[in-house]
Each structure stands twice: as C-alpha cells, then as structure tokens.
Amino acid sequence: MSAQNVIAARVADIAQRTPWRTRGRVAVWIAGALLAALIVAVTMLLAKGTGIWGLDRPVMWGLAIANYVWWIGMGMAGTFISAALLLLRQDWRASVNRFAEAMTVFAVSVSGLFPIFHLGRPWFFYWVAPYPNAMGTWPQWRSSLTWDFFAISAYLIVSIVYWYIGMLPDLATLRDAATTQRQRYFYGFLALGWRGASTQWRAHASAARLLAGLAVPLVFSVHTMVALDFSQGIVAGWHSSLFGPFFVGGALFSGFAMTLVLAIVLRRAFALDRLITDTDLDRLAKLLLAVGIFVAYCYAVELLIPFYSGDAQEIAATTARFDGPFAWLYWLTLICNVVVPQALWSPTVRRNRGALLVIGTTVVVGMWLERFMLIVTSLYRSYLPSVEGRYWPTVWDWLLLIGSIGLFIAMFLLFVRLLPVVSVYELRKRREQTA
Amino acid sequence: MSERGLLIEFDSADALQRARDALLEDGWMPLDAFTPTPPAENETAPALYPRSLPIAALFGGLVGGIGCFAMECYAAMVGYPINVAGRPDASLIAFVPPALETTLLGAAMGVVIAFLFAARLPRFHHPLFDVEDFAHASDHRYFLLIDAHDGQRERLHDRLRALRAVSVHEVRDDA
C-alpha cells in the first residue's frame, strides 16, 4: 500500500467499516433523545399553536427567531471558509472544508424550520413562495421576510450543490473501496460514475472555482438579508445601517467557532491527528480571533450610533441594555464574545486543544446569547411607556432549541457515518506537493 | 471519443506523465488519463476551462436575475397590486434583493449543468469499469488509455516495461 492511499483507507474505514463502539453509540442515543424532544415540541406546537411559547406583547419574536438567526449564522461559515480559502489558494482548507460544508448544509436546514414554526400556521409556509395559485395572490415583494425566503433557499441549494460536487471524487473512492453490494450501489449511485479522467478533473476544478466565486457573495447577501429582517422596521435597537456587516461578522464568528469545535471533536473521535493538524487548528483559531475583533468593533459602533443620532428612544434602548432587567444578558454576551476570545492571542492557547474547545463553545453560546439579547432587549419596551413587558421562554421554547441541536447532531452523525469526512483527493494533493 | 483501447496502469503520477509523453512521441495516441488526484497540468491550465462553464454561469445568472425581476414586476404591478402605505406598485429597489439571490442561484445551477455535460456525468456504466483494476484509479493507481488494440500489445511490451507500467488491460466497447 503506497503512502498516498493511507488517507483514502482511513476515510473509507470511518465511513464504511469501523463499527461504532461505546462513544459512538452514546452520541447516537443523545441525538436520538434530543430528536425525541424536538418531535414532542413540534407536535405540541402544531396541536396548540404558538401560544404555548412565552411570546406575548410586546415581545412577539422570542426564542424561535433567536434560534433561527443563531443556526443560520453558523451555517454561513462552512461554505465561506471552504470557498474563500479555495479562491485564495490556501491548501490547508483541505482538512476542514468537507465537514465545514456539511455543517453549513445541516445548520441552514435546521435554521429554516424556525421561521416556519413561527408562522402560526406552519403548514401554509409555501405561501411565501411565488407560484400560480387559485387564490390569485403573490408574495409581498417589499417585505424583507420574502427576501429572506429567497436568500435561505438559494443559499441552501448552492451550499448543497457545492458540497456535493466537491465530494464526487471522494464518493468514487468510497465506491471503489466498498466491500458490500449495498455500499457499491449507494456510493456508485452518489458518485454518478466519476472516473477521474483528466477532462473530468479539469471541469471539476473550474466548477469548484465558479461555485466558490458565487458562494462568497451569496454568504454575505444571505446574512445581510437576515439583518434586514430586523433593521427594515423602526424598532429602536434594530433600525441601524450597521446591522448588515454586524450580522455577517457575527455569523462568521459563530460559524468559525463551531467549525473549530467540530474539528477538535472529529479529530479526537477518529484519530485524525495527521489530517487535521495542530497547525490547521492554529489557523482556524487565528481566523476566529480576527472575526472576533470585527464583532467587538461592531459592538462598539452599536453603542456609538444611538448617541451620535441623538434619538432619545435609541439612547434609552441602549442604556437599558446596560442596567435594565436584561442587563445580565448583555454583559454575559460581551464576556463570551469579546473577553474570552482574546485568549487566542497566545500561541500556547492556540496549540491547546482543550482550551480551543472551551473557547469555541463559549463563542457559540455567546453568539446565541447575543441574538437573544438583541431581540428581547429591543422589543420589551417601545416608544410608548404603556408597551412595556417581560419575556421569558417556556419549556416548549427550550425543548425546541435543544431538539434542534439534536436534529443537527443526528444529521452530522449520519454524515460522519456515511460520507467522507475530509477531502481525500485534496489532502492527498496537498501531501504530494509538500513531499 | 473512442472508448476502446489499451489501458496502461502506473503507480505514480510521474510515471504516467513520462509514459504519456514518450508514447505520444512514438506515434501512439493517448486518449485520456485517469488519476486519483487532480492532474498536475490543472495547476497551469486556464482557471476556467472548458469555456462552457463560465458561459453557462453567465447565462444562468441572467435568466435567474432577469426572470425573477420580471416576475416581481408582473406580480406587484399587474397580477396582484396591493397598496401598502401608499408605496408605489413598482417599488423597483425593493425587487432587487430577491433578484440578486436568484441571479446567484441561476448562475450556480448553470455551472452545475455545464459541469455535468463537460464531465459526461452521470454515467453509471462505462467500459472502463469492466477492467477490474480500474477500481484503483480512485485510490492509488494512475491509468493511461491509448488508442491501440490487443494485437498491438506485443509491440508495446518492451517499451512499457521501460516506462515502468504496472500492467496493461484491454478495454472493449460494450456494443
């Protein structure tokens, strides 16, 4: 066996041969339990309506929308890392791009569920799509919610295609490494008959470049659309031109953190030390730090704008974040997203996988807190003093959140179990070039 | 392109490259190479080739963008005009964001379709798959298909040994 096909053998082992022992089974059970929570939460929601959530005037967007923005934010990073690094000719993308793209596809799929659940009558969600219908109606094109529907759908489709086309040569490797007839059919069907012909490789490289070039602006536009859902209205705390870049930065921040977490977990679970190296993790950590600084800058500008505008309501909304009833959320967000990531300046920390795991998780949690904070602290009070209320999620809100985490874990476990977790041909190419 | 010939197996990209050049010089016709990693000439080749891919991207993008914008105009001005706080039916600027997304989506779909055509996929069966060793083409072996038939195998024998071929297989059309 030549030195090169060690990578292929390892990846084929993970997808096709290694039976899952205790840890893998525990992961499946956890995912299953959380999925069960999701099924219960959704069934209850469909039976009783959104009244089971903690929503009440004036806070009509609660946990569901926070979850939506959080998930789609994490979904931005995978395609972005993969596409931007491809365009910049960074070979080290090979060790992270595949599972980061998978993370994107799953996170975006999960995120799309929340606006649908939030509709009240989720079974009519397709009304937001333009299609010839007997009612003679069309979507409201001036609404950012309609824009958002287009953005998410386009992004999900392009992300899936980009992921799949990139995976074709590896699916052929798995097809040829298959040991059972069932595997041969499964991977043979997915590989579409890839032969590794030079003409195919040529077309494949061009397609990857073009799709990457299309995916990068798409990433930016999609999360800007999400930001417009907020800033298109006049709610104090949301109505700001900062929101586009602020949300894109936040999305990449949480997504890089999630990529880092998944990289460390995968590396540990499948002994991929030689494929996902310490240097790769170090680079990811630097990316995380860089985006973290941008997010911190956005927090600073977010403070500046209300005072610069002189708008009394905007100022009141901002100062209420410091010392209002939800102040703890604001300060906790700052600690998680601004203070903790500063540890990444230290090379020792960037080389310490345990520390990276903790920092990555803190940022993921911090970004969830940020979305929750932005929604609740802007809505619980308004221009009229009489419109003040409190918001606290109910058990059904929380069940939906942990259920969505279960759905993500379940999809990710299936991906790890069935598909190539790292890009075999790119890692091999990278190794050839360094050799 | 012919799908029959002699399929020569090598164990490294360099051996494949040398053999292809040498056989071409001898007057053989190399038809295609099959490798587990992108061939080295991809690095120096034009970034966007075959040309059908970027053209399909442009075409798909135009169809997606103009199509969506036209649909929005029709829907908001003719099909279902609604007065929202006196805003004009033709709120053209508000129609841009969905059209932007469908432009990118259409361009990506164009790329995918052009890629499938250029790579001649999907094609689940191919005469090459009848060669048992060809399964290694996605793993660690490098193959060169040349325009020759089994009768010419003898003539190639010594040459291929010098070129460090691992083995030679015949590929037949499955007519």
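These exercises work through strands, a chain contact, a helix pair and some backbone features of a predicted model.

Local features need pLDDT of at least 70 and side-chain atom pairs count only at pLDDT 80 or more, while totals for chains, interfaces and linings use all residues. Residues are numbered from 1 along each chain as its sequence is written, and chains are lettered from A in the order in which they are written.

**Exercise 1. Find the partners of strand β1 of chain B and state how β1(B) is covered.**

Step 1. Locate the strand. β1(B) spans residues 5-10. Strands are DSSP runs of E with at least two residues, helices are runs of H or I with at least four, and both are numbered from the N terminus.

Step 2. Look for pairing, which needs at least two DSSP bridges between two strands. β4(B), residues 167-171, is joined to β1(B) by 5 bridges, and the two run antiparallel. β3(B), residues 142-146, also pairs with β1(B) over 5 bridges, in the antiparallel sense.

Step 3. Pick out single partners. B:Glu9 has B:Ser167 of β4(B) as its bridge partner. B:Phe10 is opposite B:Tyr142 of β3(B).

Step 4. Check burial. A residue is buried if 20 or more other C-beta atoms lie within 10 Å of its own, exposed if 12 or fewer, and partly exposed in between; C-beta atoms are placed from the backbone. In β1(B), 6 of 6 residues are buried.

**Exercise 2. Describe the side of chain B that touches chain A.**

Step 1. Count the residues. Chain B contributes 54 residues to the contact and chain A contributes 53. Contact here means C-beta atoms, placed from the backbone, within 7 Å.

Step 2. Assign elements. On chain B, β2 (30-34), α3 (52-79) and α4 (96-118) each supply at least two residues. α4(B) gives the most, with 13 residues.

Step 3. Sort by class. This side of chain B has 38 nonpolar, 9 polar and 7 charged residues. Ala, Val, Leu, Ile, Met, Phe, Trp, Tyr, Cys and Pro count as nonpolar; Asp, Glu, Lys and Arg as charged; the others, Gly among them, as polar.

**Exercise 3. Work out how α4(A) and α14(A) pack.**

Step 1. Read the geometry. α4(A), residues 97-117, and α14(A), residues 395-418, pack at about 150°, with axes 10 Å apart. Axes are lines fitted to C-alpha atoms over the stretch in contact, and angles run from 0 to 180 degrees between N-to-C directions.

Step 2. Name the arrangement. The helices are therefore roughly antiparallel to each other, a label for angles over 145 degrees.

Step 3. List the contact. The contact divides into 10 nonpolar, 1 polar and no charged residues.

**Exercise 4. Locate the cis peptide bonds and positive phi values described here.**

Step 1. Most residues other than glycine have a negative phi, and most peptide bonds are trans.

Step 2. Take the cis bonds. A:Arg57 to A:Pro58 is cis, with omega near 0°. A:Pro58 sits in the loop between α2 (22-48) and α3 (63-87) of chain A. B:Leu121 to B:Pro122 is cis, with omega near -10°.

Step 3. Take positive phi. A:Leu192 has phi near 60° and lies in the loop between α6 (181-191) and α7 (198-231) of chain A. A:Leu192 is partly exposed, with 19 other C-beta atoms within 10 Å. B:Arg120 has phi of about 50°.

Step 4. B:Arg120 lies in the loop between α4 and β3 of chain B, and B:Pro122 is in the loop between α4 and β3 of chain B. B:Arg120 is partly exposed, with 16 C-beta neighbours inside 10 Å.

Key. Two residues are in contact if their C-beta atoms, placed from the backbone, lie within 7 Å. Angles under 35 degrees count as roughly parallel, over 145 as roughly antiparallel, 65 to 115 as roughly perpendicular and the rest as oblique.
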